[in-house]
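Hi,

Here is the structure I promised to pass on.

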Amino acid sequence: MSQPANTPAPAPTQMPTLFVPHGAGPCFFMEWNPVDAWDRMATFLKEVAATLPQRPRAIVLVSGHWLEQQPTVTANAAPDLIYDYSGFPAHTYQLRYPAPGDPSLAARLVALLDQAGIAAAADQARGFDHGTFIPLKLMFPDADVPVVQLSLRHDLDPKAHLDIGHAIAPLRDEGVLIVGSGMSFHNMRGYGDPRFGPVSEAFDAWLTEAVESAPEQRDTALVHWEQAPSARLCHPPQSEEHLLPLLVAAGAGDESSGRKIFSDRVMETQLSAYRFG
């Protein structure tokens, strides 16, 4: 039965935003010791798509492995992969993720940032680094959802990254899934060291409380994340690029509530994922 002419069209479904851990290099696609170290995280990533309100028409992914002077987007219609890890088994350099790019979405991203007074650029040549293709191989294994990668800024300014998120928030109402890909703990010297268990737990507890606060309070806390317990032990100076995708996701979350959706102890450290909306 058709609807009366004066019946308003249904409101579009707003997509959530996510911050997910991408693991260590190609860890999900190789043997590890212990063998089950990354199994729970892999299971979580594989189940993400089923938790979404609808299939995304496209994905904007912010990886901790791409930094530029200003936020930059991939504008290639058929991006290659960048195997930006070293010392792993040969087969991990043959992994494939042939998801299409989306030049029109890339242009939309640049326009939204420009409207917010944030200078941005498009890169016609750059492909997807492992912070993008590794988690997406688990989340959307058919590689049939267009993907645009968005860089961080070299200056690692937390407020700037929160603002980037706020600027691109309208994409949520356009069927676009915004994903921050990083690690809630990222001190390379701490992985595998039992002394970092309590350190990572203290930071994780603070981070979770911050994320789950009211949006205005959340934004303030995340901008001042360095004041958290053990903050610089979990993310050493000039190494917080793996945390900043969370700030972009939180900014894009706008007025939506945030919550922890996954946590696990891996290599003696606590690692978590968060969702807004």
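This is a predicted model: local features need pLDDT of at least 70, side-chain atom pairs count only at pLDDT 80 or more; totals for chains, interfaces and linings use all residues.

In the Phe-44/Phe-262 pair the ring centres are 4.8 Å apart and the planes at 15°, so it counts as stacked. The partners come from distant parts of the chain, with Phe-44 in helix α1 (residues 39–47) and Phe-262 in strand β7 (residues 258–266), 218 residues apart.

Another pair is Phe-185 with Phe-196: their centres are 6.0 Å apart and their planes at 75°, so that one is edge-to-face. Phe-185 sits in the loop between β6 and α5 (196–211) and Phe-196 in helix α5, so the contact ties together parts 11 residues apart in sequence. Phe-185 and Phe-196 are buried too.

Elsewhere, Tyr-83, Tyr-85, Phe-88, Tyr-93 and Phe-133 are linked by ring pairs into a cluster. There is also a charge over a ring: the charged end of Lys-137 sits over Phe-29, 5.5 Å from the ring centre.

Now for strand β6 (residues 176–182), where seven of seven residues are buried. Val-176, Ile-178, Gly-180 and Gly-182 point one way, while Leu-177, Val-179 and Ser-181 point the other. As for its neighbours, β1 (residues 17–21) runs parallel to β6 and is joined to it by five bridges; Val-20, for instance, has Ser-181 as its bridge partner. Strand β2 (residues 58–68) is also parallel to β6, with six bridges, and there Ala-58 partners Val-176.

Cheers

Technical notes:
Residues are numbered from 1 along each chain as its sequence is written. Side-chain values use heavy atoms; hydrogens and water are left out. Buried means under 20% relative accessible area, exposed over 50%, partly exposed in between (1.4 Å probe, protein chains only). Helices (H or I, at least four residues) and strands (E, at least two) are DSSP runs, numbered from the N terminus. Two strands pair if DSSP finds at least two bridges between them. Rings of Phe, Tyr and Trp (its six-membered ring) pair if their centres lie within 6.5 Å; planes under 30 degrees apart count as stacked, over 60 as edge-to-face and the rest as tilted. A charge sits over a ring if NZ of Lys or CZ of Arg is within 6 Å of the ring centre and within 35 degrees of the ring normal.
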